[in-house]
Amino acid sequence: MSADLFGDEEHAPVSGSPAPLADRMRPQTLDEIVGQKELLAPGRPLREAIERDTLQSLILWGPPGTGKTTLARVIAGVTRARFIAFSAVLAGIKDIREVMTEAQEARRRRGRRTILFIDEIHRFNKAQQDAFLPRVEAGDIVLVGATTENPSFEVNSALLSRSKVFVLGPLSEDDIAVILRRALDDRERGLGGRGLDVDADALGAIARHANGDARVALNLLELASAVAIGKTDPSSETAPAARRIDLDFVSGLLQRRALLYDKTGEEHYNVISALHKSMRNSDPDAAVYWLARMVEAGEDPLYIARRLVRFASEDIGNADPQALQVAVAAKEAVHFIGMPEGNTALAQAVTYLATAPKSNAVYIAYQHAAADAMRDVAEPVPLQLRNAPTRLMKDLGYGRDYRYAHEEPHAVAAMDCLPESLKGRKYYMPRDRGFEKEIKRRLEAWERIKKGLKTDD
């Protein structure tokens with residue numbers, strides 16, 4: 001059995017066929033790794049453990065293309081321990097037992113520990129994962145597992161309890177842009193020296209399409225370069241100029257328009273503003289269009305969902321209390337099933353919010369109340385609203401004249417609940433739209449009851 005997944009002849013490229021760009025550009029050192037600064041910046045615990053060769057068992061959890069296997073390769077390059085790697089897709093229980101026996105012998109005879117890297121560890125069943133436990137507990141192996149699935153559900157609890165989980169996040173567009181430019185500049189491993197002219201908009205479109213996955217980005221760049229070079233007549237003096245890769249070129253490869261959209265720039269704020277204002281104006285057609293513009297350009301779907309939750313409270317409020325539940329449900333759906341399937345959940349929420357009755361009464365009520373709260377920050381709580389858990393507090397008047405609403409004829413008492421200086425102040429003024437029309441009727445009825453009770457007193 002081969003002890004190294006990374007160097008197997010079985011996995012080597014066919015003679016004359018270079019390895020894929022994503023493999024050629026794989027970082028060789030910790031300093032070459034782009035992103036994951038929270039884990040790998042100088043002084044961080046994981047980096048220190050790798051550099052000092054003091055790793056304990058760990059699970060690397062993150063989406064595809066975020067650096068899990070790359071990190072394993074770096075570990076393989078710096079560790080003084082035996083490093084064995086294999087994929088859960090290819091290995092069986094027999095392979096595991098052989099590795100466990102070899103690890104035990106290496107430690108017993110030579111005092112050398114074994115670092116075992118398992119790619120896609122979530123594909124191992126419980127029995128296969130159980131086979132690692134004795135050797136992990138005995139200290140014969142340090143297990144390094146990589147998974148795209150939640151370890152809480154996919155990794156044996158006993159194995160998980162003996163490992164530290166490190167979460168690798170999706171790479172940012174800026175991170176991927178750095179990786180792409182590095183590939184374009186590198187003459188030895190990358191695409192440097194091939195006369196390619198790739199403009200910034202095209203790189204941005206590739207980075208957005210990759211959605212945090214460096215491998216996807218490099219594969220697309222490699223495809224674009226191959227097509228551009230293939231279209232060029234090598235004997236032509238204008239060949240280098242013909243190797244230009246722009247936004248339209250990338251759009252053709254994607255078979256869809258690569259939208260020019262900067263998630264951190266002005267266009268980002270312009271489009272989310274257009275979505276918000278279209279919903280506010282009860283225009284579902286415009287609203288779903290602006291939603292599609294954002295989603296198809298690669299906007300973070302949870303960012304959109306957060307804006308919908310805010311809109312539901314700010315622009316609909318109690319005119320349709322269900323709106324907030326719909327918005328939150330859309331956020332949960334996107335989080336649960338991911339993209340692109342989550343796009344319809346967002347579209348359902350957007351069209352619901354756009355067609356719901358509108359009211360900003362809740363928003364205005366809070367703004368006015370917050371202004372008074374900041375101005376009158378030391379305003380004391382009225383005595384009748386204070387709890388009186390001690391005899392001293394009761395003697396000081398805490399809770400005196402408190403009226404228990406449930407014991408009143410109409411479940412409302414003639415009692416002031418605002419501070420003295422704010423008596424009579426109105427913050428929440430419901431509109432005559434949607435459910436707020438009913439709320440307004442209730443408030444007016446309670447106000448009449450309170451006035452009648454005060455008159456009777």
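1. The model is predicted: local features need pLDDT of at least 70, side-chain atom pairs count only at pLDDT 80 or more, and totals for chains, interfaces and linings use all residues. Residues are numbered from 1 along each chain as its sequence is written, and side-chain values use heavy atoms, with hydrogens and water left out.

2. Most peptide bonds are trans, and most residues other than glycine have a negative phi. The bond between Met339 and Pro340 is cis, with omega about 10°. Pro340 sits in the loop that connects helix H18 (322-337) to helix H19 (343-355). Helices here are DSSP runs of H or I with at least four residues, numbered from the N terminus.

3. Gln36 is not a glycine, yet its phi is positive, about 55°. This residue belongs to the loop between helix H1 (21-24) and helix H2 (37-40). Gln36 counts as buried, at 13% relative accessibility (buried means under 20% relative accessible area, exposed over 50%, partly exposed in between, with a 1.4 Å probe and protein chains only).

4. Asp401 also has a positive phi, near 70°. Asp401 lies in the loop between helix H21 (391-395) and helix H22 (436-456), and counts as exposed at 62% relative accessibility.

5. In helix H19, the buried residues are Ala345, Leu346, Ala349, Val350, Leu353 and Ala354. Viewed down the axis of H19, these residues fall within an arc of 160°, so they line one face of the helix; the arc is taken from the directions from the helix axis to the C-beta atoms. Thr344, Gln348 and Thr355 are exposed on the other side of H19.

Terms used: Helix = DSSP H or I, 4+ residues; strand = E, 2+ residues; numbered from the N terminus.
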